[in-house]
Amino acid sequence: MTIFSRKKYIVPAFTLVELLVVVGIFVFIALATVANYQSNNRQSQLTMATQELATNIKLTQSYALGSQEFVSSSDPSHNGEIPAGGWGIHLSQASPTIYQIVADFNDDHAWNSDFDGLFKVITLPEKITIRDILYNSSSIKDLDIFFQPPDPKTFLNGNQNGNVMITLYDEVLATTSEVTVNFFGLVEIN
């Protein structure tokens, strides 16, 4: 008589501990990826705000070079005029989340809301502010950068000399980015 015996088959399986370890590794990798994405997104916002500021400074320079006429729906009193003092940017520590593109009609190379034209207000992205404004390495509260047609001549706070550095600050990442402008009108990002 033949005797049949049952063979024991061992089915490979994972233990609960092994499964928890694998799931934990996946969760850690996912969290690290999300955190890295958010950090890169914040850094790109600061970079874009810095690029936009530099571009707007160059835009006002090109407006002056081309003797651009002032046209604004928010300030129609000077529509059609070419600003005698040129086009520029006004920044203030009192309003660190915005800056303005302006036109100088009274030819004093300084922004004055009573006499000059407001072309556009630029709002910085959330949690990004103007941290510091330096003129010839000294901290100042307000800055006017004007380009007077037709050359255009560069005026930094009414003067045709020196240089300015504008520091933008990201409050979330605690990082900064800088835009410098010299009396030749050269705009650089640091």
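# Reading local features, one by one

Q: Where is Pro150 found?

A: Pro150 sits in the loop between strand E6 (142–148) and strand E7 (153–156). Helices (H or I, at least four residues) and strands (E, at least two) are DSSP runs, numbered from the N terminus. This is a predicted model, in which local features need pLDDT of at least 70 and side-chain atom pairs count only at pLDDT 80 or more, while totals for chains, interfaces and linings use all residues. Residues are numbered from 1 along each chain as its sequence is written, and side-chain values use heavy atoms, with hydrogens and water left out.

Q: Is the peptide bond from Pro149 to Pro150 cis or trans?

A: Most peptide bonds are trans, and most residues other than glycine have a negative phi. Here, the bond from Pro149 to Pro150 is cis, with omega near 0°. Another cis peptide bond joins Asp151 and Pro152, with omega about -5°. Pro152 also has its place in the loop between E6 and E7.

Q: What is the phi of Asn136, and where does Asn136 lie?

A: Asn136 has a positive phi of about 50°, although it is not a glycine. You will find Asn136 in the loop between strand E4 (128–135) and strand E5 (138–139). Ser137 belongs to the loop between E4 and E5, and its phi is positive too, near 70°.

Q: Is Ser137 buried or exposed?

A: The reading rests on relative accessible area: buried means under 20%, exposed over 50%, and partly exposed in between (1.4 Å probe, protein chains only). Ser137 is exposed, at 68%, and Asn136 is partly exposed, at 37%.

Q: Which residues is His78 in contact with?

A: Contact means heavy atoms within 4.5 Å. Leaving aside neighbours within four places in sequence, His78 is in contact with Phe70, Phe105, Phe115 and Gly117. His78 lies in the loop between helix H1 (16–65) and strand E1 (86–92), and it counts as buried, at 16% relative accessibility.

Q: What does the side chain of His78 reach?

A: It reaches the backbone oxygen of Phe115 at 3.3 Å. A polar contact is a pair of N or O atoms within 3.5 Å; within protein, one must be able to donate a hydrogen and the other to accept it, and residues adjacent in sequence count only if both atoms are side-chain atoms.

Q: How many aromatic pairs does the structure hold?

A: Rings of Phe, Tyr and Trp (its six-membered ring) pair if their centres lie within 6.5 Å; planes under 30 degrees apart count as stacked, over 60 as edge-to-face and the rest as tilted. The structure holds seven aromatic pairs. One of them is Tyr63 with Phe119, edge-to-face at 5.9 Å centre to centre and 90° between the planes. Tyr63 lies in helix H1 and Phe119 in strand E3 (residues 117–123), so this pair ties together parts that are 56 residues apart in sequence. Tyr63 is buried, at 17%, whereas Phe119 is partly exposed, at 24%.

The rings of Phe70 and Phe105 have centres 5.3 Å apart and planes at 90°, so that pair is edge-to-face. Phe70 is in the loop between H1 and E1, and Phe105 in the loop between strand E2 (98–104) and E3, so the pair links parts 35 residues apart in sequence. Phe70 is buried at 0%, and Phe105 is buried at 13%.

Q: Which residues form one aromatic cluster?

A: Tyr63, Phe70, Trp87, Phe105 and Phe119 do.
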